[in-house]
Amino acid sequence: MLEGSQLSPAVRAKRTNIESGHYPPSFKLRHAAKDLRLVIEAGAAVDRDLRVSAAARAWLDAAVECGAADMDYSAVVATIMGEEPKS
């Protein structure tokens with residue numbers, strides 16, 4: 001479904017990771033989580049409630065807690081699917 005969206009290039013680039021269940025880092029999940037935290041804080045500073053961003057951050061934080069912090073950010077998919085990400 002996402003391949004037909006504006007996210008198509010990122011989805012295609014990460015499809016192999018997701019299908020194989022292995023997430024070698026090209027952009028570590030810990031950095032994606034940090035960046036999203038900064039976006040949410042910037043929104044809050046101008047009185048904006050970024051609900052979708054907050055929901056995405058919750059998934060990233062859950063993946064970090066599952067041990068995926070140093071894996072590619074695409075490892076968040078394993079967490080969403082209820083699986084344990086593998087490096």
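Author: Buried means a relative accessible area under 20%, exposed means over 50%, and partly exposed lies in between, computed with a 1.4 Å probe on protein chains only. This is a predicted model, in which local features need pLDDT of at least 70 and side-chain atom pairs count only at pLDDT 80 or more, while totals for chains, interfaces and linings use all residues. Residues are numbered from 1 along each chain as its sequence is written, and side-chain values use heavy atoms, with hydrogens and water left out.

Reader: How many salt bridges does the structure hold?

Author: Side chains of opposite charge can pair when their charged atoms come close. A salt bridge is counted when a side-chain nitrogen of Lys or Arg lies within 4 Å of a carboxyl oxygen of Asp or Glu. By that criterion, the number of salt bridges in the structure is eight.

Reader: Glu19 and Arg15 meet in a salt bridge; about how much of the helix separates the two residues?

Author: Helices (H or I, at least four residues) and strands (E, at least two) are DSSP runs, numbered from the N terminus. The N to O distance in this pair is 2.7 Å, Glu19 is exposed at 57% relative accessible area, and Arg15 is partly exposed at 38%. Because Glu19 and Arg15 are four residues apart in helix 1 (residues 8-20), what separates them is about one helical turn.

Reader: What is the N to O distance in the salt bridge between Asp61 and Arg57?

Author: Asp61 and Arg57 both belong to helix 3 (residues 51-68), where four residues, about one turn, lie from one to the other. Asp61 has a relative accessible area of 26% and is partly exposed, and Arg57 is also partly exposed, at 26%. Their side chains meet with an N to O distance of 3.4 Å.

Reader: Are Arg51 and Asp49 buried or exposed?

Author: The side chains of Arg51 and Asp49 form a salt bridge with an N to O distance of 3.1 Å. As for their accessibility, both residues are exposed.
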